[in-house]
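Trainee: I have a model open on my screen and I'd like to learn how to read it. Can we go through it feature by feature?

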Amino acid sequence: MEISGKNNPARFSHNYCHALTPSFYDCVMNQQPSSRVELLHHQLNKLYSVEVQLSDTLPEFMQQARSDMLREGIRQHIDTTRSQRDRMYAILTNHNVDTDAPDEDRVMKTLLDDTKSLCRTIDDAEVRDIAILSGATKIEHYEMAGYLSAMNLAREIGEDDTADLLQEIYNEEQSAARQMEGLGGSKGIVERVKEAITG
Ligand SMILES: [Fe+2]
């Protein structure tokens with residue numbers, strides 16, 4: 001389902017919070033959950049921010065990747081991430097959480113910034129592809145931890161529909177992490193990327 005206009009989550013880039021005035025930004029960042037429901041909303045908002053940031057940054061990783069295998073893998077991951085972003089937006093809306101002020105996930109920002117700046121310093125295409133894969137794998141595991149925590153909390157407070165939706169995304173993250181780790185075969189990332197580059 002395509003979401004358009006004001007309600008389109010693609011409108012919000014991960015730079016959105018930085019565009020806010022400092023006092024309002026601090027206010028948003030310093031919200032203190034006072035109940036388990038509010039804590040769940042806080043976690044859902046962070047997960048939405050994770051998907052928004054990743055949707056914004058994955059195209060840059062795809063551009064930097066040299067091997068066809070890696071570029072195709074990232075291209076597929078962009079589609080999945082945008083779908084996850086839209087589903088998180090829908091979950092937040094269902095919980096009446098204000099999506100106009102996404103609470104930026106600073107851990108994801110650091111993971112992305114570190115991988116981006118590292119890749120910009122690497123001239124060797126093979127080494128750069130491995131750096132992209134390593135960064136993406138760390139990011140997937142971070143996402144898995146976030147979805148698992150929110151899913152368990154949602155289940156604990158009886159929000160089973162939300163927990164089921166989070167479980168669905170968690171399963172996708174787990175599958176993506178396994179794909180990136182190259183666990184399906186006997187060869188590691190280095191050999192796989194090297195093969196793809198050299199053909
Ligand atoms: Fe994701």
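Trainee: Over which residues does pLDDT stay under 50, and how many contacts does the model have for them?

Mentor: Start with the term: pLDDT is the predictor's confidence in each residue, from 0 to 100. Here pLDDT stays under 50 over residues 10-29. For that stretch the model has 17 contacts beyond four places in sequence, where a contact means that two C-beta atoms, placed from the backbone, lie within 7 Å. Where pLDDT is low, the predicted coordinates should not be read in detail.

Trainee: So what kind of model is this, and how are residues numbered?

Mentor: It is a predicted model, in which local features need pLDDT of at least 70 and side-chain atom pairs count only at pLDDT 80 or more, while totals for chains, interfaces and linings use all residues. Residues are numbered from 1 along each chain as its sequence is written.

Trainee: What does the protein chain average in pLDDT?

Mentor: The average is 82, and 74% of the residues score at least 70. Residues 1-7 are below 50, with three contacts in the model beyond near neighbours in sequence.

Trainee: How many helices and strands are there?

Mentor: Helices (H or I, at least four residues) and strands (E, at least two) are DSSP runs, numbered from the N terminus. The protein chain has eight helices and zero strands, so you read α-α-α-α-α-α-α-α along the sequence. Among contacts between residues at least 6 apart in sequence, 76% join residues at least 24 apart.

Trainee: How do I check a helix's length, and where is there a kink in H3?

Mentor: Compare the end-to-end distance with the expected span, which is 1.5 Å times one less than the number of residues. H3 (residues 36-64) has 29 residues and reaches 41 Å from first C-alpha to last, close to the expected 42 Å. Its kink, about 30°, lies at threonine 57, shortly before proline 59. The bend at a residue is the angle between axes fitted to the seven residues ending there and the seven starting there.

Trainee: What about H6 and H7?

Mentor: The 32 residues of H6 should span 46 Å, and the end C-alpha atoms are 47 Å apart, which agrees. H7 (residues 160-181) has 22 residues and reaches 31 Å, close to the 32 Å expected. Just after H6, glycine 158 takes a positive phi of about 85°.

Trainee: Which residues touch the most other members of the largest nonpolar core?

Mentor: A nonpolar core is a set of buried Ala, Val, Leu, Ile, Met, Phe, Trp, Tyr and Cys residues joined through C-beta atoms within 7 Å. The largest has 33 residues, and Leu44, Leu47, Ala150, Ala154 and Leu166 touch the most other members. H3, H4, H5, H6 and H7 each give two or more residues, with the largest share, ten residues, coming from H6. Alanine 154 touches Leu40, Glu159, Thr162, Ala163 and Leu166, again not counting residues up to four places away.

Trainee: What do the buried residues of H7 pack against?

Mentor: They pack against H4 and helix H6 (125-156). Among them are Thr162, Ala163, Leu166 and Ile169.

Trainee: Where does asparagine 96 lie, and what is its phi?

Mentor: Asparagine 96 lies in the loop between helix H4 (68-94) and helix H5 (106-120). Its phi is positive, about 55°, although it is not a glycine. Asparagine 96 counts as exposed because it has 8 C-beta neighbours inside 10 Å.

Conventions:
Buried ≥ 20, exposed ≤ 12 C-beta atoms within 10 Å, placed from the backbone.
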